[in-house]
Amino acid sequence: MLKKLAMPLVGVLAAIISLALVALGNPGNMGFCTACFLRDSAGAVGLHGAAAVQYLRPEVIGLVLGAFLISMARKEFAPRGGSAPITRFVLGFALMIGALIFLGCPTRMMLRIAGGDLNAIVGLFGFAAGIFGGIFFLNKGYSLKRTYEVAKTDGLLAPIVALILLALLIIVPGILNFSVQGPGSLRAPMWVALAAGLILGGAGFISRLCFIAGIRDSVLFRNFSMLGAFVAFIIVILVGNLILGSFNLGFEGQPVAHTDGLWNFMGMVLVGLCSVLLGGCPFRQVVLAGGGNSDSAITVLGMVAGAAFAHNFGMASSAEGVTNNGMVGFGVAFLVVIFIAIFNTFGKNRQRGGA
Amino acid sequence: MNKYIATFHSHFGAMSYFKALKKQGVAAAKIMPVPRKVSSSCGSCVSYEHNAPIDMDDCELDAIYQDSAEGLVCVLSTLF
């Protein structure tokens, strides 16, 4: 019984932390959206110049360090990597283009749904379509080839970089960019945000919480345990929003969102597809990076680079809607992802160990 | 008859293995997510019952674990 309740309970924990973060200052329906916070962090270190979305989010640092500490404590820290790193970088990059067209990763999509934002329901359909597309390639033979045991330092670098960024934030915040208005200026107190990240990173590592796995595992294996976390997360956020008076049903006037249905759909198609091809959503990639997976660390760097490009070249959407550059960027990213999917699916020699 | 869990580097590898086991009539073959106690990463695995672990080429096999009194024990690994 307890085993069956474990995943929904992780969903409940993640939901309560999200609600608390928003109540304490994070932007509406944003909780701990990994894509948004990687984008803000990219801006904080000057990788893009969008003044409204710059802040080195302690939640992301906490996710990496929380996963790292728990993996060490459980003797599960496993430095692994070497599975198509540049392909993963590009998929992470493309995922971020899609997320910034929709305005959120799968985590925020669920937060937006539970906040009454109907645009995110359109996104959910796109997300599911993207996941089904990814499953099609998985079933036809898609693989980025095997991972290998790598040097311990390779796995330790992500937590070390997270520690250095944390030191910058605490000791010399003056050298970082901080938004004074816009979503980047809305933030929960630093130590609360860091603690939230640490808890979620640890819980995410133990539970393997992943926001694509709910739909993917239900379709692939008829295994619904992760979907339990997904549903529990939405229900608790919904109830929390109703209690806190932050539930606002409709398409118009939603926080950090636009109403262009086609592009809400298409953005999440790209996110769902890339997440399945990568084997995990953005949240999961950050947690795995903390646990020593250098393939995931490369993916996170790809997402950071994608966010920087999206803002430097005007591809990211805003409350005003999608940009022309965003549509072109989506087209290019989508074609590249389909190219990656096709060439890693068909006509390969499968050997022992996938070497 | 022992219970085994085989893990793979890709979902397709797990499917290929699973189909081969089905063809051979191996008992209780089932494809499912990798149990948490086997790995902290996600992926697909195949559980089955047999008198010995079944090694197989061409399916991106990662490792095979035997369900024993001491828990799941690795009896074959391709990690190097």
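**View 1. Strand β1 of chain B and its two partners.** Six bridges tie β1(B) to strand β4 (residues 61–68) of chain B, and the two run antiparallel. Two strands count as paired if DSSP finds at least two bridges between them. Look for B:I5, whose bridge partner in β4(B) is B:Y65. Six bridges also join β1(B) to strand β3 (residues 44–50) of chain B, again antiparallel. There, B:K3 has B:E49 as its bridge partner in β3(B). Five of the seven residues of β1(B), residues 2–8, are buried, so the strand is largely enclosed by the rest of the structure.

A quick note on the model: it is predicted, so local features need pLDDT of at least 70 and side-chain atom pairs count only at pLDDT 80 or more, while totals for chains, interfaces and linings use all residues. Residues are numbered from 1 along each chain as its sequence is written, and chains are lettered from A and ligands numbered from 1 in the order in which they are written.

**View 2. Where chain B meets chain A.** Here 20 residues of chain B are in contact with 27 residues of chain A. Contact means C-beta atoms, placed from the backbone, within 7 Å of each other. On chain B's side, α1 (11–24) and β2 (27–33) are the elements that give two or more residues. The largest share, four residues, comes from α1(B).

**View 3. Helix α9 of chain A.** After α9(A) comes A:R222, which has a positive phi, near 55°.

**View 4. The setting: chain A.** Chain A's secondary structure comes to 14 helices and two strands. Of its 355 residues, 57% count as buried. Along its principal axes, the C-alpha trace spans about 55 × 50 × 45 Å. Among contacts in chain A between residues at least 6 apart in sequence, 84% join residues at least 24 apart.

How values were computed:
A residue is buried if 20 or more other C-beta atoms lie within 10 Å of its own, exposed if 12 or fewer, and partly exposed in between; C-beta atoms are placed from the backbone. Two residues are in contact if their C-beta atoms, placed from the backbone, lie within 7 Å.
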